[in-house]
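Trainee: I'd like a close look at one part of this model, with the rest kept for context. Could you take me through it slowly?

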Amino acid sequence: MKSLPTPYRLEEDRGDLSKRVTYIETSRGCPFSCQFCLSSIEVGVRYFDREKIKEDIRYLMANGAKTIKFVDRTFNISRSYAMEMFQFLIDEHHPGVVFQFEITADIMRPEVIQFLNDNAPAGLFRFEIGVQSTNDHTNDLVMRRQNFEKLTRTVTMVKEGQKIDQHLDLIAGLPEEDYHSFRKTFNDVFELRPEEMQLGFLKMLRGTGLRIRADEHQYIYSEHAPYEILGNNVLSFDDIVRIKQVEDVLEKYWNDHRMDHTTEYLVKTVFQSPFDFFQDFGTYWDEQGWSRIGHQLEDLFRRLQQFLAYRESAELKNIIGLMKLDYFMNQKYKPRKPWWEASLDKNGRKEIYEYILNKPEQLGSSFTALALNEKEIHKHTLLEALPFDLETYLAEGTIVDKPSFMLAYFDPSGKGSTIFPLSKSGSIML
Ligand code: SF4
């Protein structure tokens, strides 16, 4: 491999590098033997020439590559190699470049993560971590050695460092992982709150041990690539369809991070578990025919509200309050028309704005620092009444039944919003 010429310097690719994901391979093969994976067939791990790879990365960055994804099956299999490359990328990266790696989390040493937490600029690296299943019996059956405790330690430490986004993968349909076991896998992994979580469905790839022994687990699978399964002895086709419903809303609501406060509340307080929320909502979504139509951001809020109203959720008022908070928090510019009917009429709004103009210090020092005049306040802010105390919620994450107001300020240059809580006191008569 060390003598192979570089494939990364084709003249026709040069103009496009900034718009594409650039895939780069620095090693080939994997020492593990997961029976569903093509890489388990090959023996050993081989490396390309390190210095040539570094030159290629310098070349790609110099020609505009922004997202560079390493396809190495387990980038951190050699600690010294991974450390050398991490250091190189930290030292020589261009602004705005992101490097993505597939790593095996349970073999990652805490000192490596500490090094990244201390030295990597936020957003430079992104990790993809295959968890697949947390069911030990299932992992044994596919010869996948995985220590979920150590994996949890790694993912938690990376998350606490707040430098690296993590994408965790699961596979539905592994041997002896039935619907309930998959629900547990999902909940175990969601507990780690990865920035992204992806549900994949098992594929019976040619030449893999699992495909050779497909009959042992009564696998039914497509004869055509990508050979996705349709069921096995413990997972029916109906179960697979239900899990696909979970996948659909997980993608829209969690992975896109449009409603983190709302989702957190729903999965902890309203539903028995995160999986149950995504399953119930995903099934409803499918039944409404929403999988077949497009949607704008506001539709996502309206549809969640419709689903919760249909379930007659007791906490609906608070949930809608959190949805409004999420909506404001994720806007770059002041929205023209939010998805709900304004909770304050003209006079009510006027009264509160007057109060704020007279006593801006009630909204804290960062609001006073904005030094907004009357015209600017009306132009760049939105006001909303909430059924819970926003200040307590933002400080402690707890919902206290005590009405308050939320003032959202939208920076006119498009830098996003800032939320200011205002307690409902005797001075405001509403
Ligand atoms: S699933 Fe990952 S760890 Fe397992 S053999 Fe494939 S590449 Fe290696």
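Which strands does helix α13 (residues 346-358) lie across, and at about what angle to β11 does it run?

Mentor: Helix α13 lies across β11, β12 and β13, and it runs at about 110 degrees to β11. Before we dig in, a word on the ground rules: this is a predicted model, where local features need pLDDT of at least 70, side-chain atom pairs count only at pLDDT 80 or more, and totals for chains, interfaces and linings use all residues. Residues are numbered from 1 along each chain as its sequence is written, and side-chain values use heavy atoms, with hydrogens and water left out.

Helices (H or I, at least four residues) and strands (E, at least two) are DSSP runs, numbered from the N terminus. Axes are lines fitted to C-alpha atoms, for helices over the stretch in contact, and angles run from 0 to 180 degrees between N-to-C directions. Contact means heavy atoms within 4.5 Å.

Now the sheet under that helix. It's an open sheet of three strands in the order β11-β12-β13, with antiparallel pairing; two strands pair if DSSP finds at least two bridges between them. At the edges sit β11 (381-386) and β13 (417-423), each pairing on one side only. From one strand to the next, the twist averages 20 degrees.

Zoom in on the β12 and β13 pair. Strand β12 (residues 404-410) is joined to β13 by seven bridges, and the two run antiparallel. The hairpin of β12 and β13 has six residues between the strands, where Gly-414 takes a positive phi near 85 degrees. As for covering, β13 is mostly covered, with five of its seven residues buried (under 20% relative accessible area, with exposed over 50% and partly exposed in between, using a 1.4 Å probe and protein chains only).

Most residues other than glycine have a negative phi, and most peptide bonds are trans. Tyr-227 isn't a glycine, yet has a positive phi of about 60 degrees. Tyr-227 is found in the loop between β9 and β10 and, with a relative accessible area of 13%, is buried. Pro-226 lies in that loop as well, between β9 (220-221) and β10 (229-231), and the peptide bond from Ala-225 to Pro-226 is cis, with omega near 5 degrees. Gln-132 is another non-glycine with a positive phi, about 65 degrees. Gln-132 lies in strand β6 (residues 125-132) and counts as buried at 11% relative accessibility.

For context beyond the sheet, look at Phe-70 in strand β4 (residues 67-70). Phe-70 is buried, with a relative accessible area of 1%. The C-alpha atoms of Phe-70 and Tyr-23 are separated by 5.9 Å, though the two are 47 residues apart along the chain. Leaving aside neighbours within four places in sequence, Phe-70 is in contact with several residues, among them Ile-57, Met-85 and Leu-89. Those three names come up again in the contact of α1 with α2, where Ile-57 is on the α1 side and Met-85 and Leu-89 are on the α2 side.
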